[in-house]
Amino acid sequence: MPTFVCSAILFDLDGVLVDSTRAVDREWREWAAKKGVDGDAIMAIAHGVRTVEVIRRVAPHLDAAAEAALIENHEAGDQRGITVMPGSIDLVRSIPEGRWGVVTSGSRLLATNRLRFCGLPVPEVLVTSDDVTHGKPHPEPYLKGAGRLGFSPADCLVIEDAPAGIQSARAAGTTVIGITSTYGVSALEQANAVIRKLGQIEVTVNGAGKLGVEVR
């Protein structure tokens, strides 16, 4: 398996550092039932995409910004079904301070609540739906993440679980490792490597201060 050399690592949140699949499905389907929207249509596009953009696509007749705020504020206070992804705490602890961040399609309130609930540190660099004009699969989120860390996108490695996130990261110019926590291998084919679990990744620091990311 490959070893990648980079200066910093950017993580997606849901499906990578925290397991929120059941909670996300529950929240969306409850909302869909209230609004008379097809829940299956929502779940076909929801993973890795900003809430407001999902609503614009499935229910253009609604006030997307207002509905998104209601959904995410409710999610932020409801941690039922949220669990830490195996290996995530050890992995982020193995990365030097200031050399990793999180880029998520959720709101800042939702992201910080989930990180804290799972016992994960809230990184200094946390790019959320509140910080971008264009969400994933647009490159803006990962361009902003790399910029806030102070490195070029080409010198950053991203870990993602969703096709939209992988497209965003590749379009930004980063290297991407896909994890099959939400989608199968075939859906993650644009990634540079694909893993089943975070425990397959080992991070070391070489003599030049670069990170060596070994995929086992």
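Predicted model: local features only at pLDDT ≥ 70, side-chain atom pairs only at ≥ 80, totals over all residues.

Student: Are Trp 28 and Trp 31 buried or exposed?

Tutor: Both residues lie in helix α1, which covers residues 21-35. The term to apply is the one just given, a relative accessible area under 20%. By that criterion, Trp 28 and Trp 31 are both buried.

Student: How many aromatic pairs does a search of the whole structure find?

Tutor: Rings count as a pair if their centres lie within 6.5 Å. With that cut-off, the number of aromatic pairs found in the whole structure is two.

Student: What is the geometry of the pair formed by Phe 11 and Trp 100?

Tutor: A pair of aromatic rings is described by the distance of the centres and the angle of the planes. For Phe 11 and Trp 100, the centres are 5.9 Å apart and the planes stand at 85°. Planes over 60 degrees apart count as edge-to-face. The pair of Phe 11 and Trp 100 is therefore edge-to-face.

Student: How many residues apart in sequence are the parts that Phe 11 and Trp 100 tie together?

Tutor: Phe 11 belongs to strand β2 (residues 8-11), whereas Trp 100 belongs to strand β5 (residues 100-103). Phe 11 is buried, at a relative accessible area of 0%, and Trp 100 is buried at 9%.

Student: Against which helices do the buried residues of α3 pack?

Tutor: Helix α3 spans residues 51-58, and its buried residues include Thr 51, Val 52 and Glu 53. Val 54 and Ile 55 are also buried there. The buried residues of α3 pack against α1, α2 (39-43) and α4 (64-76).

Student: How many disulfides does a search of the whole structure find?

Tutor: A disulfide requires two cysteine sulfur atoms within 2.5 Å. Cys 6, buried at 2% relative accessibility, has its closest cysteine sulfur in Cys 156, at 7.3 Å, too far for a bond. Across the whole structure, the number of disulfides found is zero.

Notes
Residues numbered from 1 in each chain as written. Heavy atoms only, no water. Phe/Tyr/Trp six-rings, centres within 6.5 Å; stacked < 30°, edge-to-face > 60°. Helix = DSSP H or I, 4+ residues; strand = E, 2+ residues; numbered from the N terminus. Buried < 20%, exposed > 50% of the residue type's maximum accessible area, 1.4 Å probe, protein only. Contact = heavy atoms within 4.5 Å.
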